[in-house]
Structure formats: structure tokens, C-alpha cells
Amino acid sequence: MRQKTAFFTLFIAVSLSLCFSLKAQKSTVVEGTNASAPNLIVITTDGLRWQELFNGMDFALANHKKFNHGDSAYLFKKYGAATVTERQTKLLPFITQTIGKKGLLFGNRFKENKVDVANPHWFSYPGYNEIFTGYPDSAINSNNYPPNPHKNVLAFLQQQKAYQNKVIAFGAWDAYNRILNEAASGFPVINGFENLLPILKDPQTKMLADMLQDSYKPFKEVECLDVFTHHQAKYYLETKRPKVMYISYGETDEWAHEGNYSAYLDAAHQVDAWVAAIWQWIQNTPGYKDNTYLLITTDHGRGFGEAWTDHGADVKGASSIWFGLMGPEKNSNLTSIVQAMQKNLGVKMSLGEQISNQQLYQKQLAATMAKLLGLEFTAAHPIGDAIY
Ligand SMILES: [Zn+2]
């Protein structure tokens, strides 16, 4: 790759610049259209259990010698409290007290409000495939699966006039190039130890790239620490203003596999703070304020009790997940979603944490994302119905 002759390099450079100028002309036709089309931010945090989301820190796990790594006092001080609401507020204040009050939060099985994956595998690639394609294809049965043959909703949005060249994905895990099939999808997927220098060439991007490269790598070359994924994504949001952005955090799953309960809770708490910061930025930024939807979810559940560290088809309960939706303060259609859903269900619903007996599936999220933007997701494969 790096041993091209000077002539060949020049040839490539000239062809590329021709290519880019043609592209630039073409994209000026598209740009400026539908600037008012709603924006969408999708966030996932890998394998975060509904148990902690709806009940806060688990006292038995925090007390368990095998899982607390001698951090029991720290855990009880930071996340322990007598009531569910206090524990939720200490662990996940934004998701439970903002989305869980002003938005819609599904998956509280203590109240029989159920969300599950529809795929039979209960691990990551099948889960992310289901979230973004709406098709729980059982043939996708490995985290090493090749580039996804199914079209995802982000690629669909990238093909719509209002969103063309305004879509990007960031993931801590280096599998998203395949899961979202970057080559076929036509939008950038920045994952693992990739940096933004090919897109943004400024000192801040360079510093983030240098820090990412030199960072501690507890998950080896497969996954970076969430802090780098977050800050690259946030910086891109602030400077390039995408209309559709996906951010995938991975530490919640990694620390859980290691049986490190305090690191798992701290990772979840940090993700909550980052999502709050993004939402805060949205509320203060023209073009995003009152015009942006946020969807947050996870790829799979985990086991109960001592099996909390694990997931997969042989782990009871690992199909159970949750998701939350937040809409614009003004002109949001969350209220009409509630009305449509309660009509279907025949029960009374309101905004906030959902408490009615109900069953939803991960495969419904892709069509829901498009519908929030006023579009119908279509592809060559079957797609789960939107939630409303
Ligand atoms: Zn895992």
C-alpha cells in the first residue's frame, strides 16, 4: 500500500481530486434541502442490564466478595440508597429521571413491561444487527460474522435527500465496520482505534487521535476505552453537525464479563453523564433544539444473580433488554406515540417509565427510528413493525 511509485501516486491524486470536485458539485445540489428535517442520535451501551436500570445497584452483588473487588464501601456510598428512585438517581440520573419522566422508557420487568431481543443468540453482533436492520436473522450467529448482508436503517437514511452525507457512526468495539457494513452503507463508521484525522484535520482531532493510540488497552486491540469514542463523537457533533449520529459504548459489557461490579456501575454512570451532556448541547444549539430525537438501548441482557456477568442463549434472562426515547421539548410526537400505543394496547399509558403489561422487541427499533423522522424504513428483508 505504501510502496507506490511517484507517478502512480500523482495519478491517484489527480483522479481523486477530479472525483472529489465532481462529488462536491453533486452534493451542493443536495445540501440546503430539508435543513429542518429532524435529527436523530442513537446511543447504545453494551449489555447494560434492565435490573440496574429499574432498581439501581444490586445489594447482593455489591456485597459479593467475588464481584466487589474489595470496593463494597465505595459502592454503597456511591450507589446505595433505601428507595428505588434514590438508587436510580444515584446510578443513572439522566436516563431514569429525565428520559424516565419526560420521555419514554421501556423494559421494566418488575412492572411486566417487557422488551426482548427476537434473535435466538443473545450476544452482540446479532443484537446490533437486529437494532439497525429490524431483521433478527438467525444466520448471523457469530461476533466474527463477515460484513452484514442486510441493509441497516442508517444506510437507508443516508440515501434520503435530507440526510445524505449527514450520517456517521462511532463505536468503541472494532466490529461496527462489519455490523454496519461501512463499505456498502456509504457513511463513515469510526470504530475501535480508528481516529477522525481522515475527516477532520485540526489540533484537537490530532490530540484525541494521539491519546487514543497511546491509551491503556484493557481490551487489547479489539475495543478502546469509551472516553475516546465519546469525545471523538462529541467533537464531530459540535464541529461537523451531522443529522444522524450513532454512538456505541462498550465498557459496561467488558467489566461485567470480568465480574467487576464497581467498574460496570461506574461505566454505566459515566455513559449516563455523557448522554446528559449531549442532550444539554442539543438543547442549547439552534437546528438541534426542538428538532432532535434520542434513542438509547442495549444489544442484549445478562443473567440473574451470580450469572450477571454472562449472556448468550444458555443464560436465562439474557434476551431481556430495555430502551428509552427522548423527543424535542416543542412539537414532539412522543405524546402521539403514547396515544397510538395505548389504543393498540387498550390500557392507559403516559410519558415516562412505562408500567403497563406489554411486550416489545428489539427488531422494532429500526422502523421506529425512521418513523420518528417521518420516514418508512424499507429494505429487501423483513423488518419489525415500528412501536407505534
Ligand atoms: Zn458480552
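Is His 311 buried or exposed?

Author: In this predicted model, His 311 is buried, because its relative accessible area is 12%, and values under 20% count as buried.

His 257 belongs to helix H14 (residues 251–257), whereas His 311 sits in the loop between strand S7 (292–297) and strand S8 (320–321), so the two histidines tie together parts that are 54 residues apart in sequence. His 257 has a relative accessibility of 38% and therefore counts as partly exposed, while His 311, as stated above, is buried.

The account now turns to helix H15 (residues 261–283) and its packing against helix H5 (residues 72–79). Two packed helices are described by the angle between their axes and the distance between the axes. For H5 and H15, the angle is about 25 degrees and the axes are 10 Å apart. The two helices are therefore roughly parallel to each other, and H5 passes H15 in a left-handed crossing. On the H5 side the contact is formed by Tyr 74, Leu 75, Lys 78 and Tyr 79, and on the H15 side by Tyr 261, Ser 262, Leu 265, Asp 266 and His 269.

Ala 263 is also part of helix H15. Its relative accessible area is 16%, so Ala 263 is buried. The C-alpha atom of Ala 263 is 9.8 Å from that of Asp 71, although the two residues are 192 places apart in sequence.

H15 has a further packing partner in helix H7 (residues 93–102), with axes that come within 8 Å and cross at roughly 45 degrees. H7 and H15 are therefore oblique to each other. Pro 93, Phe 94 and Ile 95 of H7 make this contact with His 269, Asp 272, Val 275, Ala 276 and Trp 279 of H15.

Tyr 264 and Tyr 135 are 129 residues apart along the chain, and their C-alpha atoms are separated by 29 Å. Tyr 135 lies in the loop between H8 and helix H9 (153–158). With a relative accessible area of 23%, Tyr 135 is partly exposed. Its contacts, leaving aside neighbours within four places in sequence, are Asn 129, Glu 130, His 150, His 381 and Pro 382.

Glu 130 is also touched by Asn 119. Asn 119 is located in the loop between strand S3 (113–116) and helix H8 (124–133), and counts as buried because its relative accessibility is 2%. Apart from residues up to four places away in sequence, Asn 119 touches Pro 126, Gly 127, Glu 130, Pro 136 and Gln 362.

Helix H17 (residues 365–372) is mostly covered, with 7 of its 8 residues buried. These are Leu 365, Ala 366, Ala 367, Thr 368, Met 369, Ala 370 and Leu 372. Gly 374 follows H17 and has a positive phi, near 80 degrees.

Backbone angles provide the last topic. Most residues other than glycine have a negative phi. Asn 181, however, has a positive phi near 40 degrees. Asn 181 lies in the loop between helix H10 (176–179) and helix H11 (182–185), and is buried, with a relative accessible area of 15%. Lys 220 likewise has a positive phi, near 55 degrees, and is found in the loop between helix H12 (203–214) and helix H13 (226–240). Lys 220 is exposed, with a relative accessible area of 58%, whereas Asn 181 is buried.

Definitions and conventions: Residues are numbered from 1 along each chain as its sequence is written. This is a predicted model: local features need pLDDT of at least 70, side-chain atom pairs count only at pLDDT 80 or more; totals for chains, interfaces and linings use all residues. Side-chain values use heavy atoms; hydrogens and water are left out. Helices (H or I, at least four residues) and strands (E, at least two) are DSSP runs, numbered from the N terminus. Buried means under 20% relative accessible area, exposed over 50%, partly exposed in between (1.4 Å probe, protein chains only). Axes are lines fitted to C-alpha atoms, for helices over the stretch in contact, and angles run from 0 to 180 degrees between N-to-C directions. Angles under 35 degrees count as roughly parallel, over 145 as roughly antiparallel, 65 to 115 as roughly perpendicular and the rest as oblique. A crossing is left-handed if the near helix is turned anticlockwise from the far one by less than a right angle, and right-handed if clockwise. Contact means heavy atoms within 4.5 Å.
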